[in-house]
Amino acid sequence: MEIPALDIVCTTDSPTHTVDTVGEDPARGPPITINELVQLSHIGIPNDQVTWSRVTMTSDKWIAVRHDNRSDFSARRAVVTVLSPIEGTISYAGSTSADSVLMNPTQPLIALKAGLRFEVFNLDSKELVSKVKFHEPVIYWTWLTPDVLAMVTDSAAYHWELYFFYVQAASTPEQVFLRHNRLAFTEIVSYKGDPTLRWLALTGLTPEDERISGVTQLYNRDEDITQCISAHAVCFSSYHFPGNPYPSTVFCVSNRETQDHGKVHVIELGPYKTGNFAPRNCYDHLHFLDDLERYDFPISLQISVDYGLLFVITKYGYLYMCDMETAMCLCCTRVAIDVIFAAVLNTNSQGILAITRGGQVITVDIKKDGFISFLREQVKTAYRANRFEQVICQ
């Protein structure tokens, strides 16, 4: 059965709220603000359906939710709600028989999955852009770039290139690399690529002796080489380090190791660009704060290229802010009392946009002047404070 196009309606009645910083003394804690942009229950999303598989956020432009129609429990079609988290408004609403939905990170395109069938629709024109029937079950999928849908099966990773947004595209998914056997019994939670898609990283998690282990398969397409590393969350970026004439491809990694210790790494990847300094590989230690009933670990890494900051977000609501030049952890604060299962960069504020299990969509932003003062007084790093003052307070 083909996935039908959405029936589009629009509305603008989402609330906006403000919440206080969680668990911090304002006089001593990192200078940040935490604002609730949307409460999903207020726009008809049941709390028990605010889950990782049903609520997806590929960028700060849209959140896509697939939820049941509570007014008609016998309905076979699910309700799809697409909202703009920054504006706090519902952009599109409709229904579909798909079992999973993903909004394109930059374009008004929605991808729908129903078993082995995949279709992409343009929400502005309500036209079908492309469709394909896959040959085996897909256990994880994501928009790798605005042009590429990635599909991960039990055995391999595939890319479906969709370069023509407003005309029928006839491309088919192509296999890129085979999954490493170390990911065989993991739950795939992330698939990322650098801006050129030369470097790719597939991450899986698995329970192990009352803790959660993370394994990431790093794959280089130019060399056809795979390496597995211990990592719960990773990200790529193109970053221009001071003193280098050319930007570098950067791979950031965070993991939790034994007991309450973890690390964050900033690694400059090849190929080396003539004129740049020697590629850097730096790291710092992270300290995880647990209680007896939970095991915290990184779930998302986000980079503010403008500010030179790396944000490490953990499952149980902690935010670590690190220096991109040195990987030094500058501060840690709790930003949510509920589980966080999705986070992206807020491109407007250069902060973090996150969704909690309680249905909160929050933005965590830096108080610019206060952040510089905090670095001078608490972290006591005059050089870094001066550097951040130049880029953040300009």
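**Exercise 1. The lining of a pocket**

How do the residues of the lining of the second largest pocket divide into nonpolar, polar and charged? Work it out on the model above, which is a predicted one.

*Solution.* 
Step 1. Start with the space itself: the second largest pocket holds about 230 Å³.
Step 2. Find the residues around its centre. The lining has 15 residues, and those closest to the centre are Leu 218, Gln 227, Ile 229, Phe 251 and Ile 267.
Step 3. Strand 17 (211–220), strand 18 (225–230), strand 20 (248–256) and strand 21 (261–269) each give two or more residues. Strand 18 is the top contributor, with five residues.
Step 4. Sort by side-chain type: eight residues of the lining are nonpolar, seven are polar and none is charged.

**Exercise 2. A serine in strand 20**

Decide whether Ser 254 is buried or exposed, and list its contacts beyond its sequence neighbours.

*Solution.* 
Step 1. Locate the residue: Ser 254 belongs to strand 20.
Step 2. Check its accessibility. Ser 254 has a relative accessible area of 0%, so it is buried, the cut-off being under 20%.
Step 3. Look for partners, setting aside neighbours within four places in sequence. Ser 254 is in contact with Ala 231, His 232, Ala 233, Lys 263, Val 264, Leu 286, Pro 298, Leu 301 and Val 312.

**Exercise 3. Charged pairs**

*Solution.* 
Step 1. Take Arg 54 and Asp 68, whose closest N and O atoms are 3.8 Å apart. Arg 54 is in the loop between strand 2 (32–39) and strand 3 (55–56), while Asp 68 is in the loop between strand 4 (63–67) and strand 5 (78–84), so this pair ties together parts 14 residues apart in sequence. Arg 54 counts as buried at 19% relative accessibility, whereas Asp 68, at 34%, counts as partly exposed.
Step 2. Move on to Arg 387 and Glu 325, with closest N and O atoms 3.1 Å apart. Arg 387 is part of helix 2 (residues 382–392) and Glu 325 lies in the loop between strand 25 (318–323) and strand 26 (329–334), so the bridge joins parts 62 residues apart in sequence. Arg 387 is buried at 11% relative accessibility, and Glu 325 is buried at 11% as well. Asp 323 also belongs here: Asp 323, Glu 325 and Arg 387 are linked in a network of salt bridges.
Step 3. Finish with Arg 376 and Glu 389, whose closest N and O atoms are 2.9 Å apart. Arg 376 lies in helix 1 (residues 368–379) and Glu 389 in helix 2, so the pair ties together parts 13 residues apart in sequence. Arg 376 is partly exposed at 36%, and Glu 389 is partly exposed at 37%.

**Exercise 4. The nonpolar core**

Which residues touch the most other members of the largest nonpolar core?

*Solution.* 
Step 1. Among the 28 residues of this core, Leu 309, Phe 311 and Phe 371 touch the most other members. Helix 1 gives the most to the core, with five residues.
Step 2. Follow Phe 371. Not counting residues up to four places away in sequence, Phe 371 touches Pro 31, Leu 309, Met 321, Leu 330, Cys 331, Ile 366, Phe 388 and Ile 392.
Step 3. Look beyond this core: apart from it lies another core, of 21 residues, including Tyr 239, Phe 241, Cys 252 and Met 324.

Note on methods. Residues numbered from 1 in each chain as written. Predicted model: local features only at pLDDT ≥ 70, side-chain atom pairs only at ≥ 80, totals over all residues. Heavy atoms only, no water. 1 Å grid on protein atoms, 1.4 Å probe; cavity = no way out; pocket = protein on both sides within 12 Å on 5 of 7 lines; lining within 4 Å. Points joined across faces, edges and corners; volume = space filled by probe spheres on them. Helix = DSSP H or I, 4+ residues; strand = E, 2+ residues; numbered from the N terminus. Nonpolar A, V, L, I, M, F, W, Y, C, P; charged D, E, K, R; others polar. Buried < 20%, exposed > 50% of the residue type's maximum accessible area, 1.4 Å probe, protein only. Contact = heavy atoms within 4.5 Å. Salt bridge = Lys/Arg side-chain N within 4 Å of Asp/Glu carboxyl O. Core = buried A, V, L, I, M, F, W, Y, C linked by side-chain atoms within 4.5 Å.
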